[in-house]
Amino acid sequence: MNLDKFLTQALIDSLNNGLIAPELITVYAGNYLAKSLITADEMTQVQNAVTTYQAAQASNSASASESTSTSDSTSATATASETASN
């Protein structure tokens with residue numbers, strides 16, 4: 001395996017495993033590119049992985065808040081029903 005492929009894959013794996021923040025992944029990849037340790041195509045590959053990761057995180061966050069708001073509203077309805085029956 002070439003160093004450039006190793007570095008690219010290591011950055012993407014670190015991102016997906018939550019070991020390094022997405023912002024730092026981009027910084028590291030930029031530094032590797034500046035030092036010619038990875039190619040522009042590999043930089044694009046890392047950026048695409050970061051974009052995909054952030055979209056998935058945003059989607060998961062939206063799903064979690066939707067779930068919380070649904071359970072809050074169910075709880076509020078149950079409380080209102082109990083109050084009305086008393």
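## A loop residue

With 63% relative accessibility, S36 counts as exposed, because exposed stands for over 50% relative accessible area, buried for under 20% and partly exposed for what lies in between, with a 1.4 Å probe and protein chains only. S36 belongs to the loop between helix 2 and helix 3, where helices (H or I, at least four residues) are DSSP runs numbered from the N terminus. The phi of S36 is near 60°, which is a positive value in a residue other than glycine. Most residues other than glycine have a negative phi.

## How the model is described

This is a predicted model, in which local features need pLDDT of at least 70 and side-chain atom pairs count only at pLDDT 80 or more, while totals for chains, interfaces and linings use all residues. Residues are numbered from 1 along each chain as its sequence is written, and side-chain values use heavy atoms, with hydrogens and water left out.

## The largest nonpolar core

The largest nonpolar core has twelve residues in all, among them L7, I25, M43 and Y53; such a core is a set of buried Ala, Val, Leu, Ile, Met, Phe, Trp, Tyr and Cys residues joined through side-chain atoms within 4.5 Å. Helix 1 (3-16), helix 2 (22-34) and helix 3 (40-85) are the elements that give two or more residues to this core, and the largest share, five residues, comes from helix 3. In soluble globular proteins, nonpolar side chains tend to be buried together.

A49, itself a member of this core, is in contact (heavy atoms within 4.5 Å) with I12 and L15, leaving aside its neighbours within four places in sequence. The C-alpha atoms of N48 and I12 are separated by 9.7 Å, although these residues are 36 residues apart along the chain. N48 is found in helix 3 and counts as partly exposed, at 46% relative accessibility.

E42, which lies in helix 3, is buried yet has no salt bridge, and the nearest side chain of opposite charge, K5, is 4.3 Å away. A salt bridge would need a side-chain nitrogen of Lys or Arg within 4 Å of a carboxyl oxygen of Asp or Glu. A polar atom of the E42 side chain lies 2.9 Å from the backbone nitrogen of T39.

Not counting residues up to four places away in sequence, E42 touches D4, K5 and T8. T8 has its place in helix 1 and counts as buried, at 3% relative accessibility. Leaving aside neighbours within four places in sequence, T8 is in contact with I38, E42, Q45 and V46.

Notes: Lys and Arg count as positive and Asp and Glu as negative; His and the chain ends are not counted. A polar contact is a pair of N or O atoms within 3.5 Å; within protein, one must be able to donate a hydrogen and the other to accept it, and residues adjacent in sequence count only if both atoms are side-chain atoms.
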